Amino acid sequence: MNRWEPILQRLWREHTRPSQVTHVERLASSPGVREDWPDWTAPAVVERLVETGVPAPWSHQVRSANLAYGGENVIIATGTASGKSVAFLLPCAHAVAEGGTVLYLSPTKALAADQRRSLAELALPGMRAAAYDGDTVPEERAWVRAHANYVLTNPDMLHRGILTRHAAWSGFLRRLRYVVVDEAHHYRGVFGSHVAQILRRLRRVCARYRSEPVFILASATSAAPAETAERLVGLPVAAVAEDASPRAALDFALVEPELTGSKGENGAPVRRTATAEAADLLAALAGEGVRTLAFVRSRQGAELVAMSAQRALADAGKRDLAHRIAAYRGGYLAAERRELEGALRSGELLGLASTNALELGVDVTGLDAVLLTGWPGTRASLWQQAGRAGRGGQDALAVFIARDDPLDTYLAHHPEAIFGRPVEATVLDPDNPYVLGPHLCAAAAELSLTPEDLTVFGPAAEEVLADLVARRMLRRRPRGWFWTRRDRAPDLADIRGSGGPPVQIVEDGSGLLLGTIDEAAAHSTVHTGAVYLHQGLTYVVDELDLEAGVALVRGENPDHSTWAREVTEIEIRRTLREEAWGGATVSFGEVRVAREVVAYLKRDLRTGSVLGEQPLDLPERVLHSRAVWWTVGRDAEERLRAEGVEPRGAAHAAEHAAIGLLPLFATCDRWDIGGVSTALHPDTGLLTVFVYDGHEGGAGFAERGYAAARAWLRATREAIATCECPDGCPSCIQSPKCGNGNDPLSKPGALRLLDALLAPS
Ligand SMILES: [Zn+2]
Ligand SMILES: [Zn+2]
């Protein structure tokens, strides 16, 4: 028996129905494997590391450091707190001591600032580390370019500020020995594809200055790390994935909240919300003196969890404990973050509810338990969050609380999908022409492109270049391709968005610009009446003015959330791949998608029940993207009809659940993809279900869905079958973003349809 047994038993008895605990996985502890410092490490570096609390390296640190030192590109894909920074620091410190330079990239400024601070604390002789990002003032920039030998920046700055002015950086680039790509798993989907092209541009510019830096990537554990890293960098990369750092024993429980008496859309039953469940568990654990962190999707949700837990403790007569629970929001200043970290470490704070903001940039140790409210998106994030638990080698606890969607339902009933499998691969598609085009322009503006350069940018480059010339973006001359336009080429690539003129999000009254969002996403996220989350704060949109490109918002904390509803039409432009499955066919190809946001739904934050629907009047948007689709042949459809299956409701229900499950196979967000289903599609003449990438040109998600189609559809069937509702609910076949009001939907029909699809021929 471990130390959680009695607490867990009481928890499940008093706070949760035992039947809701669907699984408890016990993960054993491991002591860790230490090795000697590599013999090429300077004694001064070893001395400083020992002084700052690293007595000796773990074997994965030594292996990756040796590979990078030997000139091989390497990705270190190991768990949270496994010391990846030390692994890349060793070769980098060596290079700097020899007169070389290092470029360090992180997805956020906050993380780069943390890294810079630890480098400053380490104070290695001869290392001049400096940040170069949007916050660096002009006077300092010149100093950094001329004197720093370890520059910390982000892909945005590399794209807009460094590559474009490479001549000013020539001294630094000429001596560039290592490029560190930290938190590499963040570079996925369209953003990851952009970063992949930025790194190719960097390699080409370096070649001009006769340097050939070695890439060192640090990533959360991921499947096929070498392949992903090669896609990102465009070069062969060795992987170090065996984590030799010590691990505390962990009990990991899965909980599915119960169905309540409340009624949702079309009379469907509603589950108790995952946030209500999390608040109960947080109060119960903190009440036992267990230091607990609850991860919640939104800031509102995090505050709700903290408040409810405080109230529960106060009601139970534990007022002193209620004060030791807090909510954490993103966007804290460094000093505030340090204070919070300290309070958690000392035990002054017993419970904290936070958004994922904590995942990056806050160093929290000293926790006993972690609650995960809803699937964090990937197994990699799940382990990263759960990895926060475990104080001083003591047993740790993690609890996953399922939300009411098909993916969470599936996972709550299929622990083997969480525990029995490696984490997922990171999906990106650098060859996407909509991504590649702007970077070829930017590259040509940096240094004219030669035919030899094409190998750097991949097999799609030639066709995309021909198109750019035809569109008069680039000029073809005997020596290569040239950028001769006056505008700034990097402006063409919107690396964190997905094209289209951006909509500005402005606070009403103060006129403060909160941020921008690309137009395609604006329709569904900042439409009039939308509840909009920005850096953990909640706003309500007063008006979306598309002509002016402005969404006026006001800070408010409504007790409802909003979900945009969209109707979609889809046209097949080109079938790229196809596979026959008995009476069915699964295909992948290019599509044209016309989407229109027609209304939004309001749902109560506390109970999850539907409060009403508001119509919206927004124009149609057209997207050229990629999709996976499947059709059922006429004979099979006749058989289904004969069994009493209503094809439209069956296809529609299967579509919703399939969209919900794809993130398990394609590392995407439910919002990155969309779907259409019809009993008779004009292009196929058959019952057809489509799932498409919601980004111009595609992002690789539908392609993954095609590759994993059998496993994906089997999981979809399972998720529908295991939900105990009678006729469908948000946990299985209802979708909050359905443009057709979740009608018609048939749960038994969807099961039969998926059976027919998956039947061996
Ligand atoms: Zn259900
Ligand atoms: Zn629908």
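A cavity is a set of grid points where a 1.4 Å probe fits but cannot get out, and its lining residues have an atom within 4 Å of a point. I keep that in mind for the entries below. I also note that the model is predicted.

**Entry 1: cavities**

The search gave three cavities of 30 Å³ or more.

I took the second largest cavity to begin with. Its volume is about 80 Å³. I counted 13 lining residues, and I75, A184, H185, T228 and T426 lie nearest the centre. Which elements give two or more residues to this lining? I found strand 7 (214–219) and helix 10 (225–233). Helix 10 supplies the largest share, four residues. Then I sorted the lining by class. I got eight nonpolar residues, five polar ones and no charged ones.

Next I turned to the largest cavity. It holds about 100 Å³ of space. Its lining also has 13 residues. Those nearest its centre are E265, R603, V610, P730 and Q734. By class, I noted five nonpolar, five polar and three charged residues.

**Entry 2: the zinc ion (ligand 1)**

I looked up what holds this ion. Four SG atoms coordinate the zinc ion (ligand 1), those of C723, C725, C729 and C732. The distances run from 2.2 to 2.5 Å. I wrote down the spacing of the donors along the chain as C-x1-C-x3-C-x2-C.

What is the geometry of the site? The angles among the four donor atoms are 97 to 120 degrees, and the site is tetrahedral. The test behind that word is that all angles must lie between 85 and 135 degrees, so this site passes. For four tetrahedral donors, the ideal angle is 109.5 degrees.

**Entry 3: the zinc ion (ligand 2)**

The protein donors of the zinc ion (ligand 2) are H652 (NE2), H656 (NE2) and C738 (SG). They lie 2.1 to 2.3 Å from the ion. The spacing reads H-x3-H-x81-C along the chain.

Where in the chain do H652 and C738 lie? I placed H652 in helix 23 (residues 647–661). I placed C738 in the loop between helix 26 (709–722) and helix 27 (747–758). The pair is 86 residues apart, and it links distant parts of the chain. I found H652 buried, and C738 buried too.

I stayed in that loop for one more check. P744 also has its place between helix 26 and helix 27. The peptide bond that joins D743 and P744 is cis, with omega at about -5 degrees.

**Entry 4: two sides of helix 22**

I asked which residues of helix 22 (residues 634–642) are buried. A636, E637 and L640 are. They sit on the same side of helix 22 because they cover an arc of only 100 degrees around the axis. On the other side I found R634, D635, R639 and A642 exposed.

**Entry 5: positive phi**

I looked for positive phi in residues other than glycine. A123 has a phi of about 45 degrees. A123 sits in the loop between helix 5 (109–122) and strand 4 (129–131). Is A123 buried, partly exposed or exposed? Its relative accessibility is 48%, so A123 counts as partly exposed.

R472 is another case, with phi near 60 degrees. I located R472 in the loop between helix 20 (461–470) and strand 17 (475–477). R472 has a relative accessible area of 69%, so it is exposed.

**Entry 6: two pairs along the chain**

I then looked up two C-alpha distances. R204 lies in helix 9 (residues 189–208). R204 counts as buried because its relative accessibility is 6%, and the cut-off for buried is under 20%. R204 and A443 are 239 residues apart along the chain, yet their C-alpha atoms are separated by 8.5 Å.

A580 lies in strand 24 (residues 560–581). A580 is exposed, at a relative accessible area of 65%. From A580 to S170 I get 410 residues along the chain and 55 Å between C-alpha atoms.

Key: Residues are numbered from 1 along each chain as its sequence is written. Chains are lettered from A and ligands numbered from 1 in the order in which they are written. This is a predicted model: local features need pLDDT of at least 70, side-chain atom pairs count only at pLDDT 80 or more; totals for chains, interfaces and linings use all residues. Side-chain values use heavy atoms; hydrogens and water are left out. On a 1 Å grid over the protein atoms alone, a cavity is a set of points where a 1.4 Å probe fits but cannot get out, and a pocket is an open set with protein on both sides within 12 Å along at least five of seven lines; lining residues have an atom within 4 Å of a point. Grid points are joined across faces, edges and corners, and a volume is the space filled by probe spheres set on the points. Ala, Val, Leu, Ile, Met, Phe, Trp, Tyr, Cys and Pro count as nonpolar, Asp, Glu, Lys and Arg as charged, and the others, Gly among them, as polar. Donors are N, O and S atoms within 2.8 Å of the metal (3.2 Å for Na, K and Ca); water is not among the atoms, so sites may look incomplete. Four donors count as tetrahedral if all angles lie between 85 and 135 degrees; four count as square planar and six as octahedral if opposite donors are over 155 degrees apart and all others between 65 and 115; anything else is irregular. Buried means under 20% relative accessible area, exposed over 50%, partly exposed in between (1.4 Å probe, protein chains only). The arc is that of the directions from the helix axis to the C-beta atoms.
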